[in-house]
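Open the model in your viewer and keep the selection panel at hand.

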Amino acid sequence: MRKLLITLCACAMALVSYAQPMGGRPPMGGPMGGGRPPMMMGNMEKPFYELESDSVANARIIDVAGMLDLNEKTLDKVIKLYTQQYEELCRNLQMAVMEYQMNLNGGFRGRNNNMGMQQPANVTFDTESARQTYDKICQKYEKRYKKALNDKQYQVWGTLSSTKLDNKFSNLLQHVQDKTESIF
């Protein structure tokens with residue numbers, strides 16, 4: 001009788017442990033898991049500008065490195081600055097585009113707001129404000145380039161239109177708009 005009771009307990013424990021999923025938690029997206037949006041799981045992909053900034057900076061700076069007569073250390077520093085500038089410009093433009101999209105779609109609706117879909121009246125993208133922020137960022141980075149380069153290199157840098165992100169506002173804005181999906 002004792003052997004039978006021990007065997008039954010062992011079988012019951014084996015059956016219970018077999019029914020549990022590996023890792024102790026139900027799988028995401030399973031019947032009970034339901035899944036969570038990627039943003040909440042922390043597995044969100046990097047923004048497009050972080051993915052492309054290194055290649056953009058390398059291509060633009062390496063093209064002009066010979067004209068600037070940069071050593072390897074200065075070249076790396078200028079590429080890093082250009083990458084940071086590109087990312088900051090895109091991030092700020094993307095925030096402006098997302099704010100515009102939110103306003104276009106009626107913004108956030110709380111409990112006390114009308115839940116019906118009403119089109120907001122006269123919502124336009126604030127290009128002037130986005131341009132002012134863009135120009136401020138470009139000015140900030142020009143000061144950093146001036147510190148990174150010697151006087152002769154900085155003079156040459158000032159003549160190179162291919163490296164200037166400040167005169168490419170409309171192109172970069174269009175690129176950001178194309179890459180920014182509507183959040184609604």
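Which helices each supply at least two residues of the lining of the second largest pocket? Select helix 4 and helix 5: each of them does. Helices are DSSP runs of H or I, at least four residues, numbered from the N terminus. This is a predicted model, in which local features need pLDDT of at least 70, side-chain atom pairs count only at pLDDT 80 or more, and totals for chains, interfaces and linings use all residues. Residues are numbered from 1 along each chain as its sequence is written, and side-chain values use heavy atoms, with hydrogens and water left out.

Next, select Ala 96, Glu 99, Phe 125, Asp 126 and Ser 129, which lie nearest the centre of the second largest pocket among its 15 lining residues. Helix 4 provides the largest share of that lining, 7 residues. (A pocket is an open set of points on a 1 Å grid over the protein atoms alone, where a 1.4 Å probe fits, with protein on both sides within 12 Å along at least five of seven lines; lining residues have an atom within 4 Å of a point.)

Now select Leu 93. Together with Trp 157, Leu 93 has the most contacts inside the largest nonpolar core, a set of 34 residues. (Such a core joins buried Ala, Val, Leu, Ile, Met, Phe, Trp, Tyr and Cys residues through side-chain atoms within 4.5 Å; buried means under 20% relative accessible area, exposed over 50%, with a 1.4 Å probe and protein chains only.) Helix 4 gives the most to this core, 10 residues. Show the residues that Leu 93 touches (heavy atoms within 4.5 Å), among them Tyr 134, Phe 169 and Val 176.

Finally, go to Asp 69, in the loop between helix 3 and helix 4. Its phi is near 55°, a positive value in a residue other than glycine. Asp 69 is exposed, at 63% relative accessible area.

Methods:
Lists of a residue's contacts leave out its neighbours within four places in sequence.
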